[in-house]
Amino acid sequence: MDAGRAGADVPRTGTNKTLITVAPTGAEAAKDAVPALPVTLDELVATAKDCQGAGAAVIHVHIRDDHARPTLDLGRLTATVAALRETTDLVVQLSTGGAVTDSFDDRLAVLEAGPDACSLTCGTVNFGDEVFANPWPFIWRLYARTQELGVVPEFELFDLGHIATLHRLLDELGSPAGGRVHCDLVMGVPGGMPGDARTLMQAVAALPAGATWSATGIGRTSLPVMLAAVAAGGHLRVGLEDTVSSARGRPASGNAELVERASQLARLAERPPMTAAEARVFLGASA
Ligand code: KMH
Ligand code: ZN
């Protein structure tokens with residue numbers, strides 16, 4: 001693992017702009033509890049347009065069925081990719097994580113919906129009272145399939161051990177589709193790495209040389225992780241998948257509010273939000 005490491009002082013921004021990803025829905029929050037959650041295709045498209053207007057360049061997509069329950073139905077996923085492409089310029093990143101109850105085969109089949117990009121979690125992690133399972137053989141198959149199909153993976157890292165697995169994956173299978181290694185540090189999951197500045201810097205220091213990275217903090221860790229990521233020159237993921245409030249005790253009005261706040265911080269740091277077209281170049285996703 002040491003061979004691919006670069007020191008914490010190596011800048012990994014890759015640009016003087018900030019990539020903002022919105023994760024608008026997730027698989028965990030219930031529509032009853034979070035009315036602003038986009039669960040229908042119309043709601044998702046409206047959210048996507050608003051979030052692009054607020055500064056997002058990538059959308060991380062989970063979808064729901066007619067009862068607002070998480071689903072990996074391939075027909076719905078394919079229609080969702082098409083609708084988002086028609087109505088926005090956003091890089092469409094489908095979740096291959098799904099819900100903790102989804103099978104490996106269904107999660108692998110997500111790639112057949114033809115997205116620009118996908119999430120690819122690099123290890124198993126306790127997930128509150130559940131387990132988010134990502135054993136090595138599944139990670140290997142999923143990554144190999146992204147290479148075959150030309151889908152750009154974003155490596156989701158919930159724990160420091162996941163970074164060791166990312167090194168092993170790149171060593172064994174080589175570069176991702178698009179040629180860029182972009183990671184997302186998912187911090188503050190109960191069971192994963194804590195969402196604080198010290199842990200963020202340790203994780204960044206362990207990334208493969210040349211990798212770029214975003215960070216997101218779950219729940220109350222959202223703000224500390226966002227502030228630390230901006231300070232360290234990283235990129236941002238925000239949205240109701242990760243946090244449903246904009247301040248203690250104040251539910252977010254919607255995803256666009258969370259994206260707008262991230263955009264303001266990025267501008268304050270003089271690394272304004274990337275456009276979707278810039279994000280495609282940055283991530284190696286085709287136009
Ligand atoms: N819903 C979590 C179990 C991903 O999208 O790739 C997994 C998740 C990660 O959200
Ligand atoms: Zn997700």
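## Structural report on a predicted barrel model

At 25% relative accessibility, A256 counts as partly exposed. This residue, A256, is found in helix α8, which spans residues 255–268. Leaving aside residues up to four places away in sequence, A256 touches D50, C51 and A54. A256 and T87 are separated by 169 residues in sequence, and their C-alpha atoms lie 16 Å apart in space. The model described here is a predicted one.

**Barrel and sheet**

Eight strands close into a barrel, and their order is β1-β2-β5-β6-β9-β10-β11-β12, with parallel pairing. From one strand to the next, the twist averages 30°. Within this arrangement, strand β10 (residues 182–187) runs parallel to strand β11 (residues 212–217), and six bridges join the two. L185 has A215 as its bridge partner in β11.

Helix α4 (residues 136–149) packs on the sheet, where it touches β6 (117–121) and β9 (152–157). Helix α6, in turn, lies across β10 and β11.

| Helix | Strands touched or crossed | Angle |
|---|---|---|
| α4 | β6 and β9 | about 160° to β6 |

**Packing of α5 and α6**

Two packed helices are described by the angle between their axes and the distance between the axes. The axes of helix α5 (residues 160–173) and helix α6 (residues 197–206) come within 10 Å and cross at roughly 10°. Because angles under 35 degrees count as roughly parallel, α5 is roughly parallel to α6. On the α5 side the contact is made by L160, I163 and H167, and on the α6 side by Q202, A203 and A206. Classified by residue type, this contact of α5 with α6 has four nonpolar and two polar residues, and no charged residues.

H62 lies in the loop between β2 (58–61) and β3 (63–64), whereas E241 lies in the loop between β12 (235–238) and β13 (245–247), so the pair ties together parts that are 179 residues apart in sequence. H62 has a relative accessible area of 9% and is therefore buried, the cut-off for that class being under 20%.

Definitions and conventions: Residues are numbered from 1 along each chain as its sequence is written. Chains are lettered from A and ligands numbered from 1 in the order in which they are written. This is a predicted model: local features need pLDDT of at least 70, side-chain atom pairs count only at pLDDT 80 or more; totals for chains, interfaces and linings use all residues. Side-chain values use heavy atoms; hydrogens and water are left out. Axes are lines fitted to C-alpha atoms, for helices over the stretch in contact, and angles run from 0 to 180 degrees between N-to-C directions. Helices (H or I, at least four residues) and strands (E, at least two) are DSSP runs, numbered from the N terminus. Angles under 35 degrees count as roughly parallel, over 145 as roughly antiparallel, 65 to 115 as roughly perpendicular and the rest as oblique. Contact means heavy atoms within 4.5 Å. Ala, Val, Leu, Ile, Met, Phe, Trp, Tyr, Cys and Pro count as nonpolar, Asp, Glu, Lys and Arg as charged, and the others, Gly among them, as polar. Buried means under 20% relative accessible area, exposed over 50%, partly exposed in between (1.4 Å probe, protein chains only). Two strands pair if DSSP finds at least two bridges between them.
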